[in-house]
Amino acid sequence: KNRDERWIVARIALIKMFSGMYISFAQLLGELERSGHEGHIFTFKHYRNVPEKDLDKFLIDEFPTFGWSISKDREGERSTWNAYTPINNKELDYLIQELKKFQPDALAFTSQSTSIKINGELVKRLKEHFDLPVIWGGPGPNIEPERSLLYADVVCANEGEEVIVEIAKRLDSGESLHDIAGTWVKSETGESVKNPARQFRDLNEIAIPSRNMEKYTYVGIRGVKKNP
């Protein structure tokens, strides 16, 4: 594949809805780098800690977590930490611009069960601009693979270190993604198909998580922040 007169291998955009823990994607980025492929982590939006009385101005996860504030200025106030604003066209444009700069061959998402719906909305919006395979992984897709296939082309079951590398190899060679061990896919008739499982790898064999901050980008309503 030749882009800008440079020979490269597959590029996978690793998209994380909401800022927070990066360890799973840092691990996958490390695997891609070790295998000679390109990856980049894009974090989109962030959660807000919002008092219950103000939640009519926000969206919240499907299973919101509430607590009681003990800060002096808000003592005894009930709030949730997983509130967020709807996807705004401006921040979506920022993300689209950054993805186009990266020129991915696939879009890979990680999702909790609580955020499957908002991840699905983002996929639908991005598919208006990118005709690319969409891969989902993480706790949510592991628990609800068939629901995740409403939005994804490939759903990773269990650990994804070997899966992401095989996907990259197949993208580079133009092979099908429909029979990769350790994944769920949709058949031509629309049925959910579970491919054979993969054996768990020895932890000593997996790559070191990548902390190359040049490959981390945060996108939100205020714009783009590199090396967040």
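Ser-111 is buried, with a relative accessible area of 2%, where buried means under 20% relative accessible area, exposed over 50% and partly exposed in between, for a 1.4 Å probe and protein chains only. This residue is found in the loop between β9 and α3 (116-126); helices (H or I, at least four residues) and strands (E, at least two) are DSSP runs, numbered from the N terminus. Leaving aside neighbours within four places in sequence, Ser-111 is in contact, meaning heavy atoms within 4.5 Å, with Ile-116, Asn-119, Gly-137, Gly-138, Pro-139, Gly-140 and Pro-141.

The structure is a predicted model, in which local features need pLDDT of at least 70 and side-chain atom pairs count only at pLDDT 80 or more, while totals for chains, interfaces and linings use all residues. Residues are numbered from 1 along each chain as its sequence is written, and side-chain values use heavy atoms, with hydrogens and water left out.

## The strand β3

Seven of the seven residues of β3 are buried, so this strand is largely enclosed by the rest of the structure. In a regular strand the side chains alternate between the two faces of the sheet. In β3, Arg-11, Ala-13, Ile-15 and Met-17 point one way, whereas Ile-12, Leu-14 and Lys-16 point the other way, and all are buried.

Two strands pair if DSSP finds at least two bridges between them. Seven bridges join β3 to the parallel strand β4 (residues 38-44), and here Lys-16 has Thr-43 as its bridge partner. β3 also pairs with β9 in the parallel sense, over five bridges, with Leu-14 standing opposite Ala-108.

## An aromatic cluster

The whole structure holds seven aromatic pairs, a pair being rings of Phe, Tyr and Trp (its six-membered ring) whose centres lie within 6.5 Å, with planes under 30 degrees apart counted as stacked, over 60 as edge-to-face and the rest as tilted. The rings of Phe-18 and Tyr-47 have centres 4.0 Å apart and planes at 25°, so the pair is stacked. This pair links distant parts of the chain, 29 residues apart, with Phe-18 in the loop between β3 and α1 and Tyr-47 in the loop between β4 and β5 (48-51).

Phe-18 is buried, with a relative accessible area of 1%. Together with Tyr-47, Trp-81 and Tyr-84, Phe-18 forms one aromatic cluster.

## Pockets and a cavity

On a 1 Å grid over the protein atoms alone, a cavity is a set of points where a 1.4 Å probe fits but cannot get out, and a pocket is an open set with protein on both sides within 12 Å along at least five of seven lines; lining residues have an atom within 4 Å of a point. Grid points are joined across faces, edges and corners, and a volume is the space filled by probe spheres set on the points. The largest pocket has a volume of about 770 Å³, and of its 38 lining residues, Ser-24, Thr-110, Gln-112, Gly-138 and Pro-139 lie nearest its centre. The most residues in this lining, five, come from α1.

A search of the whole structure finds one cavity of 30 Å³ or more, and the largest cavity holds about 60 Å³ of space. Its lining consists of Lys-45, His-46, Arg-48, Tyr-84, Thr-85, Glu-91, Tyr-218, Gly-220 and Ile-221.
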